[in-house]
Amino acid sequence: MDCDAFYASVEKRDNPELADKPVIIGGGKRGVVSTACYIARIKGVRSAMPMFKALQLCPDAVVVPPRMSAYVEVSKQIRAMMDELTPIVEPLSLDEAFMDLSGTEKLHGAPPAVMLARLVKRMQDELGVTGSIGLSHNKFLAKVASDLDKPRGFSVIGKAETGAFLQDKPVGLIWGVGPAFQNSLAKAGIRTFTDLLRWDHQDLIQRFGGMGDRLWHLARGEDRRQVSARTPVKSISKETTFFEDTANHDILDGHLWRLSEQVADRAKARDLAGRVVTLKLKRFDFSALSRRVSLPDATQTADRIYRTARGLLDQVANEGPFRLIGVGISDLVSDTGADLSGDLLDPSAVSRKKAEAATDAIRQRFGKEAIMKGRALR
C-alpha cells in the first residue's frame with residue numbers, strides 16, 4: 001500500500017481551502033520539493049526538484065512547510081489498520097508498506113483483494129487520506145503494481161500472467177534502476193524486460209555484478225525477498241540542496257539549525273533517540289564529505305544535534321563552497337533516558353533541554369511558527 005501524495009493529502013485534509021489548489025510541500029527558494037499534490041504534478045512538479053524550478057512550472061502553487069509530527073501521527077494510525085489485517089507489515093517509509101496476507105483469508109472471511117479494498121476505504125473515511133494498492137505474489141511485482149494506476153489505484157499481477165505483463169515493459173520499472181543505470185543498460189542493448197531475457201545469467205553478472213544477478217531473476221518475475229516485520233528504522237536524517245553553492249558560515253549555520261530541528265521532530269514523533277550524529281556535505285564539484293561522532297548517551301533534542309553537528313561543520317567549513325548540507329542521527333534507541341546525563345563541560349545543557357521542551361509545547365498548541373530561535377532566520 002502506497003499513500004497518494006501523502007504529505008500534501010494530510011495538508012489538504014487539515015486545511016480544506018487547499019482542496020482544489022496545487023500544493024507543494026517544501027520551503028525556501030533554495031530548498032527542494034518534499035512532495036506535491038497531483039494537481040501540481042500535472043504541471044511537472046516532482047519530488048526532489050529544486051523549489052525555484054517547481055515554482056517556475058507551477059507559479060500558482062501554495063507552498064506549505066512540512067509538519068513531520070502530523071504526518072507521523074497519521075502514519076501510525078494507518079499502521080494500526082494494517083496490523084489488524086496481518087502481523088507481517090514491513091514499512092518502507094511513513095506512507096508506504098509491504099504486507100504479507102498469506103493465509104489470512106480464513107481469518108478475515110474474505111480474500112486479500114477484498115481486505116485491501118476495505119483498508120483504503122477505511123483510510124479515506126476515517127483519516128481523510130487515500131492510497132494505492134499493488135497485489136501480487138512477491139515484493140517486486142507488488143511494488144510495480146502499486147504504481148500502475150495512481151492515485152486511488154488498485155492493480156493485481158497474478159503469477160500466471162507475470163511473464164506476459166513484464167514483456168516489453170521498460171527496465172525503469174525496476175525499483176532502484178534510475179536514469180544513470182538505465183543509460184548503462186541501454187549501452188548494453190537492454191531497454192526492456194524482453195531484452196534482459198536474451199542475456200545469459202553469468203554474462204549479466206559479469207557485466208553488472210550483483211545487480212546483474214538481480215536483473216536476471218526480476219526479468220522472470222522472481223523475487224525471493226520475504227516481507228519482514230522486524231526491519232528497524234536505522235537512522236533519521238534531513239538534507240537540503242542550495243540554489244547556489246555557498247561557503248557562507250551564517251547561511252550554513254542557519255540551514256544546519258533548521259535541519260537539526262526537523263530531525264529532532266521526527267525522532268520525538270517516533271519516540272526514538274540517536275547515539276551517533278552525522279554531518280553530510282556535498283561540494284560544488286559533487287564530491288561528498290561526511291563526518292560523524294558518537295555521543296556518551298542518546299539524544300533527540302534539536303539543540304544537542306545542532307551543537308554536535310556544528311562542531312563537525314567547524315572542522316570542514318573551509319573546504320567549500322557546498323551545494324548540499326545534511327544532518328542525521330543513527331544507532332537509534334528508545335528515547336527513555338535520552339539526554340539525561342547532562343554535560344560537565346556545558347552546565348546550561350539541562351536548562352536548554354527544558355527550554356526546548358517548552359518550545360515544543362508552544363509550537364504544538366499554536367503552530368510551528370509561533371516561536372523560533374533567531375538562528376532559524378539566517
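How many bridges join strand β10 to β11, and in which direction do the two strands run? I looked this up before anything else.

**Basis.** I am working from a predicted model, in which local features need pLDDT of at least 70 and side-chain atom pairs count only at pLDDT 80 or more, while totals for chains, interfaces and linings use all residues. Residues are numbered from 1 along each chain as its sequence is written, and side-chain values use heavy atoms, with hydrogens and water left out.

Entry 1: I find 8 bridges between β10 (residues 272-283) and β11, and the two run antiparallel. Strands here are DSSP runs of E with at least two residues, helices are runs of H or I with at least four, and both are numbered from the N terminus. Two strands count as paired if DSSP finds at least two bridges between them. I note Arg 291 in β11 as the bridge partner of Leu 279.

Entry 2: I then traced the open sheet, whose 4 strands have the order β9-β12-β10-β11 with antiparallel pairing. Its edge strands are β9 (235-246) and β11 (288-299), each of which pairs on one side only. From one strand to the next, the twist averages 15 degrees, with axes taken as lines fitted to C-alpha atoms and angles running from 0 to 180 degrees between N-to-C directions. I record 8 bridges between β9 and β12 (residues 322-334), which run antiparallel. Ser 237 has Gly 328 in β12 as its bridge partner.

**Entry 3: the largest pocket.** I searched on a 1 Å grid over the protein atoms alone: a pocket is an open set of points with protein on both sides within 12 Å along at least five of seven lines, a cavity is a set where a 1.4 Å probe fits but cannot get out, and lining residues have an atom within 4 Å of a point. The largest pocket holds about 1,500 Å³ of space. It is lined by 46 residues, of which Leu 92, Ser 93, Leu 94, Asp 95 and Arg 270 are the closest to its centre. Elements giving two or more residues to this lining include α1 (6-14), α4 (68-85), β5 (89-93) and β9. I count the lining of the largest pocket as 24 nonpolar, 10 polar and 12 charged residues.

**Entry 4: helix α1.** Is α1 enclosed or open? I find 7 of its 9 residues buried, so α1 is largely enclosed by the rest of the structure. Buried means under 20% relative accessible area (1.4 Å probe, protein chains only). Among the buried residues of α1 are Phe 6, Tyr 7, Glu 11 and Lys 12.

**Entry 5: the cavity.** My search of the whole structure finds 1 cavity of 30 Å³ or more. The largest cavity has a volume of about 40 Å³. Its lining consists of Lys 139, Phe 140, Lys 143, Trp 175, Arg 214 and Arg 225. Helix α7 (residues 139-146) gives the most to this lining, with 3 residues. The lining of the largest cavity divides into 2 nonpolar, no polar and 4 charged residues.

**Entry 6: cysteines.** With a disulfide taken as a pair of cysteine sulfur atoms within 2.5 Å, I count 0 disulfides. Cys 37 is in none, and its nearest cysteine sulfur, that of Cys 58, is 7.5 Å away. Cys 37 is buried at 4% relative accessibility, and Cys 58 is buried at 0% relative accessible area.

Methods:
Buried < 20%, exposed > 50% of the residue type's maximum accessible area, 1.4 Å probe, protein only. Points joined across faces, edges and corners; volume = space filled by probe spheres on them. Nonpolar A, V, L, I, M, F, W, Y, C, P; charged D, E, K, R; others polar.
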